[in-house]
Amino acid sequence: SVPMTAPAWILSDVFAPGQSNALTSGWNLVATGEADTPSAFKETVGSFKTLWAWNNSTNGWYFYSPALEASGGLAGYLGKNGYLDFGGLTFQPTTGFWVNMP
């Protein structure tokens with residue numbers, strides 16, 4: 001556990017294409033100082049394949065896929081695979097999550 005204070009928070013837009021900390025192809029472990037939903041994060045950083053976050057209290061993975069959301073298949077995929085739905089949950093300033101970029 002590492003305490004973070006407001007001046008140290010990183011905003012999501014630093015991970016957008018063209019920025020010095022733009023996400024690269026493959027897996028990226030990130031955290032932001034904003035209370036974004038996965039969908040809002042996608043709007044900031046552009047298209048990604050999947051986004052994952054571990055829930056330690058339930059020992060389960062939250063999962064989000066923009067493609068599955070767009071096709072209407074996200075809920076079925078979550079249920080079939082036992083993943084947790086982000087729903088309206090937002091990332092907290094110290095929440096790390098994995099983003100799989102094309």
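## Fold, core and surface

Reader: What share of the 102 residues of the protein chain counts as buried?
Author: This is a predicted model, in which local features need pLDDT of at least 70, side-chain atom pairs count only at pLDDT 80 or more, and totals for chains, interfaces and linings use all residues. Residues are numbered from 1 along each chain as its sequence is written, and side-chain values use heavy atoms, with hydrogens and water left out. Buried means under 20% relative accessible area, exposed over 50%, and partly exposed in between (1.4 Å probe, protein chains only). Of the 102 residues of the protein chain, the buried share is 31%.

Reader: Which pattern does the protein chain follow along the sequence?
Author: Helices (H or I, at least four residues) and strands (E, at least two) are DSSP runs, numbered from the N terminus. The protein chain has three helices and five strands. Read along the sequence, the pattern is β-α-β-β-α-α-β-β.

Reader: What radius of gyration does the protein chain have?
Author: The radius is taken over C-alpha atoms, and the globule rule is 2.2 Å times the number of residues to the power 0.38. For 102 residues a compact globule would come near 13 Å, and the protein chain agrees with this at 14 Å.

Reader: Which residues touch the most other members of the largest nonpolar core?
Author: A nonpolar core is a set of buried Ala, Val, Leu, Ile, Met, Phe, Trp, Tyr and Cys residues joined through side-chain atoms within 4.5 Å. The largest one holds 19 residues, and those touching the most other members are Leu23, Phe41, Phe48, Leu51, Phe97 and Val99.

Reader: Is leucine 29 buried or exposed?
Author: Leucine 29 lies in strand S1 (residues 26–30). Its relative accessibility is 53%, so leucine 29 counts as exposed.

Reader: Which residue meets lysine 42 in a salt bridge?
Author: A salt bridge is a side-chain nitrogen of Lys or Arg within 4 Å of a carboxyl oxygen of Asp or Glu. A search of the whole structure finds one. At 2.9 Å, N to O, the side chain of lysine 42 meets that of glutamate 43.

Reader: What is the relative accessible area of glutamate 43?
Author: Glutamate 43 belongs to the salt bridge with lysine 42. Glutamate 43 is exposed because its relative accessible area is 59%.
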